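Biologist: I would like to learn how to read a pocket in a protein model. Please take me through one case.

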Amino acid sequence: MYITGLKLHPIAIADPPLRSSYGLHAPFALRTIVELETTGGLTGISETYGGDGPLAALEAAREHVLGRDPFQLTGLMASLTAETDAAAVAGGRTQTYLVPGENPLDRHMRTFAALEIACLDLIGKAVGKPVCDLLGGRARDQVAFSAYLFYKHAGGGGVGGDARHDEYGEVLDPTAMVRETRQMIAQYGFHEIKLKGGVLDPATEVATIQALRREFGPSFPLRIDPNCAWSVETSVAVGRALQEDLSGGGYLEDPCAALEGMAEVRRRLMAEGNLTPLASNVAVTCLADVPAAQRLDAVQIVLSDPHYWGGLRQVQTLGNLCGVLGLGLSMHSNSHLGVSLMAMTHAAAACPHLTYACDTHYPWQTAQDEVVAGGRIPFVNGCVQIPAKPGLGVDLDYDQLARGRERYQKIPYRKRDDEAEMRMHVDPDWKRILPRW
Ligand code: GKR
Ligand code: MG
């Protein structure tokens, strides 16, 4: 079996006005659907970041992909990662100031991941096995995800005829956030809760977590992630205020910038007998970051993500490394559809050392935008089941894909820019300032 075709489908999917320390989500998120065609007539699929940059990187990989045996992933990774990005290395191993999916250091890994996942889908279809069973077998048949909560403005995403129903309304205070959480848990059955912070002043975000704890009790572990919006001082103060509320399986994710800052927060909390673990998907984004994170005790939980760690096998490697080093493992997400959700589910299923429910933005997208044949992937009790089908277990709905492409053609932007959205819709002078508090 050889790869004969690489098709790239840039699509736009409606996205509600969600807030984070990066700014405001635009009415549409950009994604790319990848298809690999083969001599045997099989097609493998994947989903990755969207817009001009990721598309150009995948286009540049075409010469390494066509004519390749999809089983030869080691060679594909070697050929894509051969060229080292000296400028990126010199810039330091952190994406603190970049929106997710833009770290130049992970560029080749992101491109490889999109191709690896499509190759694994192909291999699974060729041998009649689900992807997680190609990776040595599954540690679980279903994968638990967490309720990923955002402060948001009113609106369901999209514009004009493509405006989506606003399921959650405006959520800019603790009471509204409790309502959002209740609604999301009632619909999906999640058992762990993640709050995207770094949006309102820390006292209001502390009050939000406390309100969630009162509402859901200690059997629903809570995490808060301000994406580096706080200083070391503020991170320590929040860690102190939330010690009890984050206990029992919760964590503090990227409270401040850089490993050194996180290490300082950890030292100061530990000195007070506060064991709240720190998690990261900003200060730790590749295997090379892990030793320092552990040595400095800056990060106790690493967030994996097949999209930028380099695919499913790299996530498995990361999981094993975290197991050996005594670190926890969770999973990060960005706005995505069902193909990505299935890749994340297979990756998580194949990681024995997965210690937390995974993040997913899936509840923020709608059936109108789903490109998976048969529609939205179901969640049962907060979990996604590994389908009894080969490969990723999902196929494309080509009419839906065409609609996604049309939306992409209609919109003017080709890159995520949450700061620009903030300036356009909330505050004309807004800038991402780190630390803001
Ligand atoms: O969707 O705005 C967002 C999030 O802030 C996302 O971009 C982050 O990458 O989910 C993310 C995180 O955990 O840092
Ligand atoms: Mg995060």
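Biologist: What volume does the largest pocket have?

Modeller: Rolling a probe the size of a water molecule over the atoms shows where empty space is left. Keep in mind that this model is predicted. Here the largest pocket has a volume of about 820 Å³.

Biologist: Which residues lie nearest the centre of the largest pocket?

Modeller: They are Y49, G50, G53, P54 and G101, out of 42 residues that line the largest pocket. By class, the lining comprises 16 nonpolar, 13 polar and 13 charged residues.

Biologist: How many residues does helix 1 have, and what does it reach from its first C-alpha to its last?

Modeller: Helix 1 has 14 residues and reaches 19 Å, close to the 20 Å expected at 1.5 Å a residue. Just after helix 1, G67 takes a positive phi of about 85 degrees.

Biologist: Which residues in helix 1 are buried, and what covers them?

Modeller: Buried means under 20% relative accessible area. In helix 1, L55, A57, L58, A61 and V65 are buried. Their cover includes strand 1 (3-14), strand 4 and strand 5, as well as helix 2, helix 4 and helix 14 (398-410).

How values were computed: Residues numbered from 1 in each chain as written. Chains lettered and ligands numbered in written order. Predicted model: local features only at pLDDT ≥ 70, side-chain atom pairs only at ≥ 80, totals over all residues. Heavy atoms only, no water. 1 Å grid on protein atoms, 1.4 Å probe; cavity = no way out; pocket = protein on both sides within 12 Å on 5 of 7 lines; lining within 4 Å. Points joined across faces, edges and corners; volume = space filled by probe spheres on them. Nonpolar A, V, L, I, M, F, W, Y, C, P; charged D, E, K, R; others polar. Helix = DSSP H or I, 4+ residues; strand = E, 2+ residues; numbered from the N terminus. Expected span 1.5 Å × (residues − 1). Buried < 20%, exposed > 50% of the residue type's maximum accessible area, 1.4 Å probe, protein only. Contact = heavy atoms within 4.5 Å.
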